[in-house]
Each structure stands twice: as C-alpha cells, then as structure tokens.
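Look at the two chains first as a whole, and then follow each one in turn. The text below goes from the overall scores to single elements and back to the place where the chains meet.

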Amino acid sequence: MTEATQAALPERSWFQDKILLGLTGKEYLKSLLNPLDVVAALLVASCGAMFVWRFGWGLGATTNLSQSTPWGLWIGFDMMCGVALAAGGFTIGATVELFGLKQYAAIERPAILTGFLGYVLAVVGLIADLGRPWNMVFVMFSNGTASVLFEIAWCVMCYTSVLFLEFTVPAFEWLGWRRIHRVAKSALLALTVLSVVFSTMHQSALGSLFLMAPGKLHPLWYSPYIFFLFFNTAVIAGISMVVVESGLSHKAFHRQFEGQHVDADALTIGLGKAGAVAMFAYFFLKLQTIVDGHAWGLLATGWGAWWLVEVLGFVLLPSLLYAWGARHRSARVVRIAGAVAVAGIVLNRLNISVIAYNWNQPNHYVPRWSELLLSAGLVAVGVVAFRWIVNRMPVLKPHPAFPQAH
Amino acid sequence: MTHEFLAVYPAKLLEYSLAVGYLLCFVGFWKYVQGGRPAEARAEVHEPVRQGVSEWFTIPEGFYLHPGHSWARVSPDGLVTVGIDDFAHKLVGPARVELPRAGAPVAQGEPAFALRADTRAVDMLSPVDGTVVEVNRALSDDPEKLTDTYGAGWLFRVNPPRFAANAKQLLQGASARLWESAAGEALARRLSPELGQVLADGGTPVHGIAQELEPDRWDELARSFFLT
C-alpha cells in the first residue's frame, strides 16, 4: 500500500486496528459466520453453561463422581493430560534458550503459547472439579510441605505465572511497548530456567500422587518409579505436541509463514529424532516396571491386553515411526508419529487416573455426558484463544517493528 | 526342595538383562535414527544459493569450508566431493590442478592436491580424511571448468570413514561466510592501487590477484592464505 492510498483511507481506531484486524465491527462479525466458528462458539457456550450448572447444582447432580471415585475426567483429562500436553513450553524453551539450539527459535513462541493456554485451561478444569475457587488461595499459606498436592499446587501456580511472563514478550511487541518489552526479553533466560525447575517438579509430582494408591491403581500401571515415568512422558508429550501443533499451524495459518525462511520440515525431523529416542527409552522403562513389579503373569489377562495396546501401539509404534520418519527425512511420517504419540500420552494418563484406577471396584466410573461436554468445551476455548492470539500477535511470524526479536 | 531366597535371582537377572539389552538395542536404534540421507544431500538437488561476501566471493549453502580454502560436500551416496572455493580460484587465477590418483589416501589438513600456474605450484589441503574414489578427469581436458568452483569444477570424491568428526573442524553457513569475509578483508589490506579496479571502486577483483600483486612471489602469498 502506498503512502498516498494510506492517507486517503479513513484513520482506524486502536481497537479496530488491534482487535478487529482492521475490519469494522460488522465486517468482523460477518467473517465469523462460517461452520467451524459456529461449532466452536456452540462448544464454548455449552462449556460456560456447564460451569453455571456445576456451580449451581454441585458435583453430585452434574457428574458421575462419587465418594469412591472422587477423581473423574476433569482430573484425568483436563489436568493430567492438559498439563502433560502443555509441556512443550519448557521442552522447546530449554532447547532454544538453555541448550542453544537457536534454529528451533521459530517454534519457541507457539510452544510457549500452547503451554500457557494448556495450563490455564487445566487450572480452569481443576476449578470445575474442586469448586469454591475463592478458597484456592489458602493452599499458598497452608503448611503442607510434606504433601504432594501442595507441591503441585505451588508449582502449577508458579509455572503458569512464568509462562504468562514468557508470553508477554510477543504481547508487548504487539502493543508496541518497547521499554517493558526489553525488560521482558532480557528476563527470558531466567524465566526458562525457572520453567525447567517448576516443570520437573510438578510433572513428576503428578505421578507421585499415585504412590499413595498402590491398591487402587492396577499393578500393571502402578510402579514405585511412576513419578519418573510421568516426567519422561511429559517430555515426550511436549515434543509430540509441538510436532502436531506446528504441522496444524502451517496448514491453518499458512499465510503467516509466507516470506519466512524457516525450514519447518527440517525442524519437525529434528524433533522426530528427539521423540524417537525419548520414546524408545520410555518403552524399555515400561518393560522394566513389569519386571520390577513381577507382573508378567498379568499380561495374559484382559487388563494385560489393554496394557499391551498402550505400550506396543502407542509407545513402540510411534517411536519406530519417529525413527523411520527422521531417517528418511519424511516430515509427514514424523507428524503422524507425533499424533499417535499424543494419543498415547492421553491414553496413558487416562489409564492411570480413570480407566485402570479403582479397577477392582464393583461399580466402575464412566464419565457423564456433561463431563465430556465441559472438557470438549475447554479444548475448543483453547483452540479459539490460540487462533485469536496468533492472528494478532507476533507468535508465528516476527513483528515488522521487532525483526530481530523472534 | 526349592529355596525361596534364590527366587530373587531370576527377577534381578531379568532386570539387568533388560537394562543391558536396552543399551545394546539403543546403539543400533541411535545409528538408525542418525543415519539415512543427510541434510546436505537435499541441497545438492537444487541449484546452490550463492551468498555474496564483500561482493567478491561466494559460498553456496550446504557446503563445508576448510580454512585452507577447499570445500567438501556430502552426496546422497555418502561420498564427499572436494573442490576449491571462489577465493582460492580468484587468488590464483587460471591454473592447472594436480590431482591425487584414485585410491590414494588423503587426510584432513594435509596437502592433497596442488594448483599450478606458470612454473610454480601451490599445495592445498584436503578438507576431509578418506580414500580418493574418483577424480574429475574433465578438468585436465578443459581447465576452464575450474571457473565453476562449486559445480563442474569439483576436483575429486572421497570415501570418508569419519566425516562427522571431520565436519566439526569445517565451517558452514554463517561461520563460513564470516571466514570468507575475513579472508577477503585480509586480502584487501594487501591490495595495491596498481591492481586496477578493485574494492575502493566497488569492482570485482581480477582473476589471479596473487600474480598481479606479487608477480615474483605469488606462490608464497597464495600459500599464506592456503595454510601450506
């Protein structure tokens, strides 16, 4: 656009420019009228309605949770899976800022944004489960230093704050606040160190929660080393989510990548190598838990078959797919491996916290439709928020006024 | 009668066997993941993108540069192609290349071939270790081919036993351009006005700068840049 035509156009307000992407209110609303946006809006609205219902009528009226099964889908999926799948923030942050692999800088911001949104939504899901959010502040002042939940609560609070601060770098670029942007950017290295510390602590502590329930969790999934398995799977989930998310972003936001000299396929293949090695090690760790728990005999049961589905189909298979894709430099195969690995992490977390938990109880918990709807609604909120931010802030592409900052 | 206290041994044996088995499998798995078509091979398919250095010398992407001004590039078949860079060619000018014979061993940082002009010759260093498997015969028929330093002017191909270790001593990408730029600046400082249209005028240096600069001792000047 030339200066002459720019001058001829009426001046746009800050709101119109930054929030409505330069459109008028009417044009913007019109642009949202498409099938995908309508489905997303319905999911988000039903999620809000579920919140009202749950807080108005209580857990007993709205969910299938009971005194014997106090943890359901909102803990098993929203919290356990959400936190693991949001681990890309610290995994890629450490890769770029601490290990110095600067070529991955192009995917650092989307990974941090995914992590931030993932944690916020995990906390929202947790609030739905816990209720009385105004009481949450007391966890900070309780003297429960011997409690695993105390560690998780503190670390998740601190890490969500760290992710928010890391995310302020592109946000300040978007707002054009140069001075505070410089401060936020110079703090990025320290924030990354904190993110690794907090993540290592609470990702493993989520597994430590199950150390208290050796009788409730099926012996094929229970291990005294479960905290280490949780940390290992969080790293795998972080890598795999970045592979999947960057693949989807390239499809959905391909316009933002025009003119950028980033070889996304090469980065994906590099992540594929890391994923292959991490999953290969994890596969042997899973076998070791069977040897350690003398649980070979249980493999011949129905639960054993289900365990084999998880370990062979969603650990060994994606590991080999990652390896094949990396060796033959096929980004497509690496992305497929990433999707299978993400499904595998979700399956693992659900197995531990929902499916194989209370396995010996006569009445097994099955989530109610309302629980599923709230969880699906939260995922939709995450997708909508990710798109809203990416369309405005310099997450996938550098800001023209801050070309070196990305 | 079986002894219960011995029951721990099979379980421990299995644990240790699994750990050792993992390590053994990991070696093969690691080699498998790291192997395959190297990234550089893809660069060879496309026309190399040349990056100007001080507007004088060019280095395409995907080439490894030795500080002695020779280059190496990995082919899809795992062999390494060797040549001289733009700087060496422009410094020496029209020259005949004395190539090693096929089957000869070459070692990184050791003289492997020479550039000959008039009666004098300047040795140049090999960028990699290995055995020469093919020599560019077309160069002896048509020395003009050397002008295309990164293409038809390749010199020989090597079977490298340890290219990964060799590559750590070579320059690539931004660091290669920086090195070439520094070499260009070092040369610019030695240029005299009688060389004609050069840097100050924004011109490109003539081929055979060394002979223009030091007609009697051009080979010594070249050696100082080629580290021989």
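What follows is a walk through a predicted model.

Start with the scores. The model has an ipTM of 0.79 and a pTM of 0.68. For chain B, the mean pLDDT is 77, and 77% of the residues of this chain reach 70 or more. Where pLDDT is low, the predicted coordinates should not be read in detail.

Now turn to chain A. Its secondary structure consists of 17 helices and zero strands. Chain A has 406 residues, and 42% of them count as buried. Among the contacts in chain A with a separation of 6 or more, 79% are between residues 24 or more positions apart.

Chain B does contain strands, and six of them form an open sheet in the order β3-β4-β5-β11-β10-β7, with antiparallel pairing. Which strands stand at the edges? They are β3 (64-65) and β7 (105-106) of chain B; each has a single partner strand, so one side of each is left without a neighbour in the sheet. Further in, β5 (residues 80-84) of chain B pairs with β11 (residues 156-159) of chain B in the antiparallel sense over three bridges. In this pair, B:Val82 stands opposite B:Phe156 of β11(B). Strands of a sheet pair through backbone hydrogen bonds, either parallel or antiparallel.

Other strands of chain B pair as well. Strand β8 (residues 111-117) of chain B is joined to β6 (residues 96-98) of chain B by three bridges in the antiparallel sense. Within this pairing, B:Leu115 in β8(B) is the bridge partner of B:Val97. β8(B) also pairs with β9 (residues 120-125) of chain B, again in the antiparallel sense, over six bridges. One place to look is B:Ala117, which stands opposite B:Arg120 in β9(B). β8(B) and β9(B) form a hairpin with two residues between them, and B:Asp118 in the turn has a positive phi of about 40 degrees.

Next, take a helix of chain B, α6 (residues 173-190). With 18 residues at 1.5 Å a residue, α6(B) should span 26 Å, and this agrees with its end C-alpha atoms, which are 26 Å apart. Which residues of α6(B) are buried? They are B:Ala176, B:Arg177, B:Trp179, B:Glu180, B:Ala183 and B:Leu187. These residues lie on the same side of α6(B), because they cover an arc of only 160 degrees around the axis. The other side of α6(B) has exposed residues: B:Ala174, B:Ser175, B:Leu178, B:Ala182, B:Ala186 and B:Arg189.

Finally, look at where the two chains meet. Here 16 residues of chain A are in contact with 14 residues of chain B. On the side of chain A that touches chain B, the elements that give two or more residues are α14 (264-292) and α15 (302-327) of chain A. α14(A) gives the most, with 10 residues. Sorted by class, this side of chain A has nine nonpolar, three polar and four charged residues.

Technical notes
Residues are numbered from 1 along each chain as its sequence is written. Chains are lettered from A and ligands numbered from 1 in the order in which they are written. This is a predicted model: local features need pLDDT of at least 70, side-chain atom pairs count only at pLDDT 80 or more; totals for chains, interfaces and linings use all residues. Two residues are in contact if their C-beta atoms, placed from the backbone, lie within 7 Å. Helices (H or I, at least four residues) and strands (E, at least two) are DSSP runs, numbered from the N terminus. Ala, Val, Leu, Ile, Met, Phe, Trp, Tyr, Cys and Pro count as nonpolar, Asp, Glu, Lys and Arg as charged, and the others, Gly among them, as polar. A residue is buried if 20 or more other C-beta atoms lie within 10 Å of its own, exposed if 12 or fewer, and partly exposed in between; C-beta atoms are placed from the backbone. Two strands pair if DSSP finds at least two bridges between them. The expected span of a helix is 1.5 Å times one less than its number of residues. The arc is that of the directions from the helix axis to the C-beta atoms. pLDDT is the predictor's confidence in each residue, from 0 to 100.
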